[in-house]
Amino acid sequence: MATLPPGFHALSLPIIQLSLAAVLKCGQSFRWNAYPLKITSPDASLPTHEYRFCLRDRVVCLRQTPTDILYRTVLPDPQPNMTERKLREAETLLWLKDYFQLDVDLALLYEQWGSRDKVFLRIRDRFTGIRMLRQDPWENLISFICSSNNNISRITKMVQSLAKEYSLPLLSIPLPDGSGVEETYYPFPPPSVLAKPGVSTRLRSLGFGYRAEFIHRTAKMLVDTHGTSTRPSQTSEPSELFLHTLRGMATEDARAELLKFVGVGRKVADCVLLMSLDKTDVVPVDTHVHQIAIKHYGMKGSTKGKTSMTPKLYEELCTKFVKVWGDHAGWAHSVLFTSDLKAFALHGLTEPQFTSPSPQKDRKRRIPDEDEMPSLLPTPPRTPFAYNPSPAEHVKKRARMRRTPE
DNA sequence: AGTCGACCTATA
DNA sequence: ATAGGTCGAC
């Protein structure tokens, strides 16, 4: 590290402990912005991106080198004096350590997961530095209410528009690419704001769909139960504090509390438990995780015909993964999940690049074969269950779809 | 107690 | 047709 960019401080941290690029865009938090930096020379020791996140009272900017996290605090005007700024910078450092849970030795966890699980061994070197964030429970809860029947890119748009619609702009600063264009940042709105009348109608018109009512009603439940104190503008509301207290509860009790909210089923509750309530062993099971379990961990089910996610099956999958990975099973799950996301992304990126005729005669949108889907590259062992003896129904449906080319 | 259809919307 | 599901009614 020769010189630090203006305003930045360095926190020594091997990239193996944290990969910002992987962690901030893998569907844990939906409110980080990533900006490419203009590259003058292809130097691997220089950051390629800047990442920004808007907290209640400041914007945190991050860059990463192989050996350090570079961080910078941006405060709204008027700019405080030097001693005050030092204080804020110290707060940001504390926030970083808490948010990224830097007390947890990720290299050690990877080693343990690898020794317990051969499947994990195959991917660990290609997906390093993927750790669980320690998010704010309120924001996390609302974000994952948005996640039902939804994909990451739309969830991201929804959460961002929620902040923009219901929070005042905190500050504006230029993009880091030197273009001079300014971007405005909005904090995540507190429960009292989303509990106000008319919110669900507005959210619907913003494209939240049936989740609009869930969000409004959940916010209302919280403020009706815990009240909304006259807050001196920059502190947490009672509802938010309540959600924080779930961290001190046993997993089952905390889960029971979360399940009381509308739009919160087992899957969403488990996401919140894992991502903001310190329940490191909780594995949120979705269709994707189910597929991974079938393909690589010998769980029953077919990789094609859709098996419905019954509560019983959900429990079975949970227990299975906890048995495989141990007390940080939820963390390990996140690594697997991210590697699988990457596998999908690769298909989107590499396929159109075949300029020369590929050996497979380019059918448009051909379905990837079983073996190329998983990110677990080096020949995944074909489990007895991975083969689906009767794909007939699926094939038939596809054939019919093709017949309407208009 | 399990199972089933509806639900907003965008995209492979 | 499905995306990291949940709700309400059998």
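**Figure 1. Contacts along and across chain A.** Take the contacts in chain A that join residues at least 6 apart in sequence: 66% of them link residues at least 24 apart. Contact here means heavy atoms within 4.5 Å. This is a predicted model, in which local features need pLDDT of at least 70 and side-chain atom pairs count only at pLDDT 80 or more, while totals for chains, interfaces and linings use all residues. Residues are numbered from 1 along each chain as its sequence is written, chains are lettered from A and ligands numbered from 1 in the order in which they are written, and side-chain values use heavy atoms, with hydrogens and water left out. Chain A has 16 helices and seven strands, taken as DSSP runs numbered from the N terminus (helices H or I, at least four residues; strands E, at least two). Of the 406 residues in chain A, 46% are buried. Buried means under 20% relative accessible area, exposed means over 50%, and partly exposed is in between (1.4 Å probe, protein chains only).

**Figure 2. Two nonpolar cores.** A nonpolar core is a set of buried Ala, Val, Leu, Ile, Met, Phe, Trp, Tyr and Cys residues joined through side-chain atoms within 4.5 Å. The largest one here has 71 residues, and W113, L258 and W325 have the most contacts inside it. A second, separate core has 19 residues, including L11, W32, L55 and V60.

**Figure 3. Helix α13 against helix α14.** Helices α13 (residues 287-296) and α14 (residues 311-325) pack at about 60°, and their axes are 11 Å apart. The axes are lines fitted to C-alpha atoms, for helices over the stretch in contact, and angles run from 0 to 180 degrees between N-to-C directions. The angle makes α13 oblique to α14. For these labels, under 35 degrees is roughly parallel, over 145 roughly antiparallel, 65 to 115 roughly perpendicular and the rest oblique. The α13 and α14 crossing is left-handed; a crossing gets that name if the near helix is turned anticlockwise from the far one by less than a right angle, and right-handed if clockwise. On the α13 side, look for V289, H290 and A293; α14 brings L313, L317 and F321. Sorted by type, the residues of this α13 and α14 contact come out as five nonpolar, one polar and no charged. The sorting counts Ala, Val, Leu, Ile, Met, Phe, Trp, Tyr, Cys and Pro as nonpolar, Asp, Glu, Lys and Arg as charged, and the others, Gly among them, as polar. K295 also lies in helix α13 and is buried, with a relative accessible area of 18%.

**Figure 4. Helix α5 against helix α12.** Here α5 (residues 137-145) and α12 pack at about 150°, with axes 9 Å apart. The two helices, α5 and α12, are therefore roughly antiparallel. Is their crossing left-handed or right-handed? For α5 and α12 it is right-handed. From α5, residues P137, N140, L141, F144 and I145 meet V268, C271, V272, M275 and S276 of α12. The residues of this α5 and α12 contact split into eight nonpolar, two polar and no charged.

Figure 5. Most residues other than glycine have a negative phi, and most peptide bonds are trans. The bond from D77 to P78 is cis, with omega near -5°, and P78 sits in the loop between β5 (68-74) and α2 (82-99). Q101 is not a glycine, yet its phi is positive at about 55°. Find Q101 in the loop between α2 and α3 (106-116), where it counts as buried at 15% relative accessibility. D278, also not a glycine, has a positive phi of about 65°. The loop holding D278 runs between α12 (266-276) and α13, and D278 is partly exposed at 32% relative accessible area.

Figure 6. S334 is part of helix α15 (residues 329-350) and counts as buried, at 5% relative accessibility. Not counting residues up to four places away in sequence, S334 touches Q28, I130 and M132. G227 lies in the loop between α9 (211-226) and α10 (238-245) and is partly exposed at 27%.
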